[in-house]
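Let's take a walk through a protein together, one step at a time. Please have a look at the sequence and the model before reading on.

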Amino acid sequence: MEDLILAIHFAGLAMGGAAGMGLPVVGFAAEKAPPEHRPSIGAAVKPLQMIGKAGMGLLILTGAIMATAGGVWGEASVWYWIKLVLVACLIGGIITADKAGAKARAGDAAAGAKVKMVSKINLTLLAAILLCAALAFN
Ligand code: HEM
């Protein structure tokens with residue numbers, strides 16, 4: 001059972017990573033495309049966002065189950081707590097990118113620049129979370 005939950009944790013990671021890397025690529029493709037093609041390219045945004053959010057949901061749910069079942073809360077290493085703080089920052093980053101993304105798709109150029117910057121920060125946070133997870137649990 002524990003192994004299954006860890007596997008679902010990893011599936012959540014794959015889904016979050018796919019969305020985190022896929023969304024900037026879609027944004028880049030839409031930016032370079034002729035205006036009449038942008039709506040059809042932009043149609044990929046919603047499904048990717050849903051995959052990313054479902055992935056985050058799975059990570060949080062399975063992470064909380066594993067931490068509770070494994071009794072991690074009381075005796076966790078500092079890397080575990082750093083990981084959780086970074087997860088909270090990533091959730092904030094995803095919400096920020098989501099809101100700015102909606103404005104960018106409506107034609108707000110400043111919001112477009114913000115999405116690019118926040119997407120880079122979010123991917124850096126994801127990499128840092130992976131490092132913390134490896135340091136915390138190995
Ligand atoms: C973006 C969010 C997250 C990512 C990318 C992530 C990533 C990972 C990775 C890669 C591992 C495997 C580490 C290893 O075995 O070396 C792991 C394990 C673990 N994670 Fe997460 N995690 C996330 C969120 C969470 C949250 C929110 C919690 C707790 C509430 C959590 C709790 C755990 C626990 C307890 C383990 C150890 C499982 C075990 O080996 O028994 N994770 N996580």
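Is Tyr-80 buried or exposed? Tyr-80 is buried, because its relative accessible area is 5%; the word buried stands for under 20% relative accessible area, exposed for over 50%, and partly exposed for what falls in between, using a 1.4 Å probe and protein chains only. Before we go further, please note that this is a predicted model, in which local features need pLDDT of at least 70 and side-chain atom pairs count only at pLDDT 80 or more, while totals for chains, interfaces and linings use all residues. Residues are numbered from 1 along each chain as its sequence is written, and side-chain values use heavy atoms, with hydrogens and water left out.

Now for the overall picture. The protein has 6 helices and 0 strands, where helices (H or I, at least four residues) and strands (E, at least two) are DSSP runs numbered from the N terminus. Read from the N terminus on, the order of elements is α-α-α-α-α-α. The C-alpha trace spans about 55 × 25 × 20 Å along its principal axes. Of the 138 residues of the protein, 30% count as buried.

Next, let's visit the ligand and its iron atom. Which residues of the protein are donors of this iron atom? They are His-9, through its atom NE2, and Lys-83, through NZ, and they lie 1.8 to 2.0 Å from the iron. Donors are N, O and S atoms within 2.8 Å of the metal (3.2 Å for Na, K and Ca), and sites may look incomplete because water is not among the atoms. His-9 lies in helix 1 (residues 2-32) and Lys-83 in helix 5 (residues 78-105), so this pair ties together parts that are 74 residues apart in sequence.

Why is the arrangement around the iron atom of the ligand octahedral? Its 6 donor atoms subtend angles of 85 to 177°, and therefore the arrangement is octahedral. Six donors count as octahedral if opposite donors are over 155 degrees apart and all others between 65 and 115. For comparison, the ideal angles for six octahedral donors are 90 or 180 degrees.

His-9 is buried, because its relative accessible area is 11%, and a polar atom of its side chain lies 2.8 Å from a nitrogen atom of the ligand. Lys-83 is buried too, with a relative accessible area of 11%, and one of its polar side-chain atoms lies 2.6 Å from a nitrogen atom of the ligand. A polar contact is a pair of N or O atoms within 3.5 Å; within protein, one must be able to donate a hydrogen and the other to accept it, and residues adjacent in sequence count only if both atoms are side-chain atoms.

What else surrounds the ligand? Its shell holds 24 residues, and the closest are His-9, Gly-63, Lys-83, Phe-137 and Asn-138; to be near, a residue needs a heavy atom within 4 Å. Helix 1, helix 3 (45-69), helix 5 and helix 6 (109-137) each supply at least two residues of this shell, and the largest share, 7 residues, comes from helix 3. By class, the shell has 20 nonpolar, 3 polar and 1 charged residues.

Let's return to Tyr-80 and its aromatic partners. The whole structure has 2 aromatic pairs. Tyr-80 and Trp-81 have ring centres 5.4 Å apart and planes at 75°, so this pair is edge-to-face. Rings of Phe, Tyr and Trp (its six-membered ring) pair if their centres lie within 6.5 Å, and planes under 30 degrees apart count as stacked, over 60 as edge-to-face and the rest as tilted. The rings of Tyr-80 and Phe-137 are edge-to-face as well, because their centres are 5.7 Å apart and their planes stand at 70°. Tyr-80 lies in helix 5 and Phe-137 in helix 6, so the pair ties together parts that are 57 residues apart in sequence. Trp-81 is partly exposed, with a relative accessible area of 37%, and Phe-137 counts as partly exposed at 46%. Tyr-80, Trp-81 and Phe-137 form one aromatic cluster.

Our last stop is a serine. Ser-119 is found in helix 6 and is buried, with a relative accessible area of 13%. A polar atom of the Ser-119 side chain lies 2.7 Å from the backbone oxygen of Val-115.

Technical notes: Four donors count as tetrahedral if all angles lie between 85 and 135 degrees; four count as square planar and six as octahedral if opposite donors are over 155 degrees apart and all others between 65 and 115; anything else is irregular. Ala, Val, Leu, Ile, Met, Phe, Trp, Tyr, Cys and Pro count as nonpolar, Asp, Glu, Lys and Arg as charged, and the others, Gly among them, as polar.
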